[in-house]
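This report goes through a few features of one protein model. Please keep the sequence and the structure in view while reading.

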Amino acid sequence: MTFGEYLSDHLGRLVLQVVLTVCIGLFLLVTGTKVGVLVLCGIFWLLAAGCVLLADFLGSRARLRELTAVMEGLDQKYLFAECVPGTGTVYERKLLELSRQAGKSMIRAVSDAQAAQREYREYVESWVHEIKAPITAARLICRNVDPAVRQKLTGELARIEAHVERALFYARAESPEKDFVVGKACLEEIVAQALERHQSLLVQSGVRVETIDLEQTVYTDVKWVEFILGQLLQNAVRYRKEDLVLIIQARHLGRQVQLWIQDNGMGISSHELPRIFDRGYTGSNGRARGGSTGMGLYLVRRLADCLEIGLQADSREGEGTRVTITFPARESGKAT
């Protein structure tokens, strides 16, 4: 707080004091008080008022600095009112009491919201595990139907399973520290698992997949990265052109390994590219094809941030898209 700010805050009081001083001076002058006496009284009054004003300013500034230091030293800022030292003025104590009441109300509201969120997350996880049973049963039933019908039903079941998996990972992303485990993993095996999991989708869509130099060791959570790759594969298939070619390539850079997922699909316009990881953003391609929720790439970004792996997308409209994932790795970069 500056002295100018202090004066601005007390401007009304200062103006009132000046008006009263002038009125008293005029009254004394009319009643016969000598001008010299009035001047001396005025100088004394100004000095006394200035000293009181300055002392009050210095005290207020020191108290404000003390309170600021308390606030900056707290990890949980909402406990500020409980940690204020000293008694202060009656006015300050009343304000702090109101702040304590507001803080307690906020803590109750946050606790209730966290409890509701936790219950919802547990419900989603339970629902996902329960829905997997009828999906598996439907896959078994498909084996006994006509091949053409089986192919269509299998594709639809794969789409349902993808949406279910997305819901599960969305719920888990709220508390990632409880689910993921970072460890050494072979990038080739992770990619192979993701391709196998989405084999039906890739075959039905006529996608040709090429893998290059995937014999790399990275440090990450296998399950979460497999989900990320699955979302990227689904996006590549959804926004494909004829004769889609998907190139999955890795390269070692010092203590990092970069994984490229590149396709020759529809591509993304330059003005839409910065927003593709935003929640609910579908873009012109998503609106044209229909069925897009804008949640897949949003989850990819969320999980990548949780795992602290790099994620970057480059694209040219009409030519294709390349997504680069950057993992921590050993110096040698080779799997053993």
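## The cavity

The largest cavity is lined by Val191, Ala194, Leu195, Leu229, Leu233 and Ile248. This is a predicted model, and the cavity has a computed volume of about 30 Å³. The count of cavities of 30 Å³ or more comes to one.

Which helices each supply at least two residues of this lining? They are H7 and H9. The largest share, three residues, comes from H7.

## The nonpolar core

The largest nonpolar core has 45 residues. Those with the most contacts inside this core are Ile228, Leu229, Leu259, Ile325 and Phe327. Several elements give two or more residues to the core: the helices are H7 (187-197), H9 (222-238) and H11 (296-307), and the strands are S4 (245-253), S5 (256-263), S6 (310-316) and S7 (320-334). H9 provides the largest share of the core, with nine residues.

Which residues does Ile228 touch, not counting residues up to four places away in sequence? Ile228 touches Val300, Leu303, Ala304, Leu307, Ile309 and Ile325.

## Threonine 324

Threonine 324 is placed in strand S7. Is threonine 324 buried or exposed? Its relative accessible area is 6%, and buried means under 20%, so threonine 324 counts as buried.

Leaving aside neighbours within four places in sequence, threonine 324 is in contact with Gln258, Leu259, Trp260, Gly310, Leu311 and Gln312.

## Charges over rings

Two arginines can be looked at together with aromatic rings. The charged end of arginine 322 sits over the ring of tryptophan 260, at 4.3 Å from the ring centre. Tryptophan 260 is also one of the contacts of threonine 324. The charged end of arginine 301 sits over the ring of phenylalanine 277, at 4.7 Å from the ring centre.

A pair of aromatic rings is described by the distance of the centres and the angle of the planes. How many aromatic pairs are counted in this model? The count comes to zero.

## Two positive phi angles

Most residues other than glycine have a negative phi. Aspartate 213 is not a glycine, yet has a positive phi of about 50°. Aspartate 213 is found in the loop between strand S2 (208-212) and strand S3 (216-220). With a relative accessibility of 45%, aspartate 213 counts as partly exposed.

Glutamate 308 also has a positive phi, near 60°, and is a residue other than glycine. Where is glutamate 308 placed? Glutamate 308 is in the loop between H11 and S6. Its relative accessible area is 69%, and exposed means over 50%, so glutamate 308 counts as exposed.

## The second largest pocket

The second largest pocket has a volume of about 430 Å³. This pocket is lined by 17 residues, and those nearest its centre are Ser60, Arg63, Leu64, Leu67 and Glu92. The elements that give two or more residues to the lining are helix H1 (3-9), helix H3 (35-72) and helix H5 (90-142).

Technical notes
Residues are numbered from 1 along each chain as its sequence is written. This is a predicted model: local features need pLDDT of at least 70, side-chain atom pairs count only at pLDDT 80 or more; totals for chains, interfaces and linings use all residues. Side-chain values use heavy atoms; hydrogens and water are left out. A nonpolar core is a set of buried Ala, Val, Leu, Ile, Met, Phe, Trp, Tyr and Cys residues joined through side-chain atoms within 4.5 Å. Buried means under 20% relative accessible area, exposed over 50%, partly exposed in between (1.4 Å probe, protein chains only). Helices (H or I, at least four residues) and strands (E, at least two) are DSSP runs, numbered from the N terminus. Contact means heavy atoms within 4.5 Å. Rings of Phe, Tyr and Trp (its six-membered ring) pair if their centres lie within 6.5 Å; planes under 30 degrees apart count as stacked, over 60 as edge-to-face and the rest as tilted. A charge sits over a ring if NZ of Lys or CZ of Arg is within 6 Å of the ring centre and within 35 degrees of the ring normal. On a 1 Å grid over the protein atoms alone, a cavity is a set of points where a 1.4 Å probe fits but cannot get out, and a pocket is an open set with protein on both sides within 12 Å along at least five of seven lines; lining residues have an atom within 4 Å of a point. Grid points are joined across faces, edges and corners, and a volume is the space filled by probe spheres set on the points.
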